[in-house]
Amino acid sequence: MRWWDIEPVLELEHELFPEDAWSAGMFWSELAHARGPHATRRYVVAETVPDSGSAEGTGRIVGYAGLATAGGLADVQTIAAGRDQWGTGLGARLLTDLLRAATAFECSEVLLEVRVDNTRAQKLYERFGFEPIGFRRGYYQPGNVDALVMRLSDPARSVPVQGETHG
C-alpha cells in the first residue's frame, strides 16, 4: 500500500466497516512506519487486473491488509476483502502475505482482534492456526461490539509453501 492507495482503500473501508471505519490519518500514520530500514509495518492492497483499454493502467482495489510489529510480536491491524471477493480466497492470500511479513520481521507470535459476530473471519483465522485467547469488551466503537482476541504461535509454520493456499 502506498499513499495514493489511501483514497480507494477508504472507500472500501467505509463500505465494509461503516460504524468503525479507519480515518485517512490512521492509514497515513501506519504507512509512515512501513518503509525504510526501521520499518515496523507491512501494508498491502489487492487489485483487480486492469482492463486492456484502461487509461490508468491499474486495477480496482478489492482488498487490503496491514500488520504492525514490535519486538517478536506482530499484530494484524486490519484485513478486508470487498464483498464481491468473498469466497474467492482473497482473505487467505492477504493473511498469507501478512504472516510471511511477520516471519521476515522475526516475530514468534501474531495477535489479532476480530468482531465476535464475524464468524466468517474467525473461521479463516482458525484455518491458519489462530486460537482464541480472550475477549476485549466493547472494543469496536461506537457499536460497543466485543472483540475475540486470537493468537498464532510460530507464524512461519502456518505459512503455506509458495503456490499453496489455505483457501
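The structure holds 5 aromatic pairs. The model is a predicted one. Two of the pairs share Phe27 and are listed here.

| Aromatic pair | Centre to centre | Angle between planes | Class |
|---|---|---|---|
| Trp22 and Phe27 | 4.9 Å | 45° | tilted |
| Phe27 and Tyr64 | 6.0 Å | 80° | edge-to-face |

Phe27 belongs to helix H2, while Tyr64 belongs to strand S2 (residues 61–70), so their pair ties together parts that are 37 residues apart in sequence. Trp22, Phe27 and Tyr64 make up one aromatic cluster. Its members are buried: Phe27 has a relative accessibility of 0%, Tyr64 has 0%, and Trp22 has a relative accessible area of 13%, where the cut-off for buried is under 20%.

Phe27 also takes part in the packing of two helices. Helix H1 (residues 6–16) and helix H2 (residues 24–31) pack with their axes 10 Å apart and at an angle of about 130°. The two helices are therefore oblique to each other, and H1 passes H2 in a right-handed crossing. On the H1 side the contact is made by Ile6, Val9, Leu10 and Glu13; on the H2 side it is made by Ala24, Phe27, Trp28 and Leu31. Of the residues in this contact, 7 are nonpolar, none is polar and 1 is charged.

A further helix, H3, spans residues 90–104 and contains Thr96. Is Thr96 buried or exposed? Thr96 has a relative accessible area of 6%, so the residue counts as buried. The C-alpha atom of Thr96 is separated by 9.5 Å from that of Pro155, a residue 59 positions away along the chain.

Key: Residues numbered from 1 in each chain as written. Predicted model: local features only at pLDDT ≥ 70, side-chain atom pairs only at ≥ 80, totals over all residues. Heavy atoms only, no water. Helix = DSSP H or I, 4+ residues; strand = E, 2+ residues; numbered from the N terminus. Buried < 20%, exposed > 50% of the residue type's maximum accessible area, 1.4 Å probe, protein only. Axes fitted to C-alpha atoms, helices over the stretch in contact; angles between N-to-C directions. Parallel < 35°, antiparallel > 145°, perpendicular 65-115°, else oblique. Left-handed = near helix turned anticlockwise from the far one by under 90°. Contact = heavy atoms within 4.5 Å. Nonpolar A, V, L, I, M, F, W, Y, C, P; charged D, E, K, R; others polar. Phe/Tyr/Trp six-rings, centres within 6.5 Å; stacked < 30°, edge-to-face > 60°.
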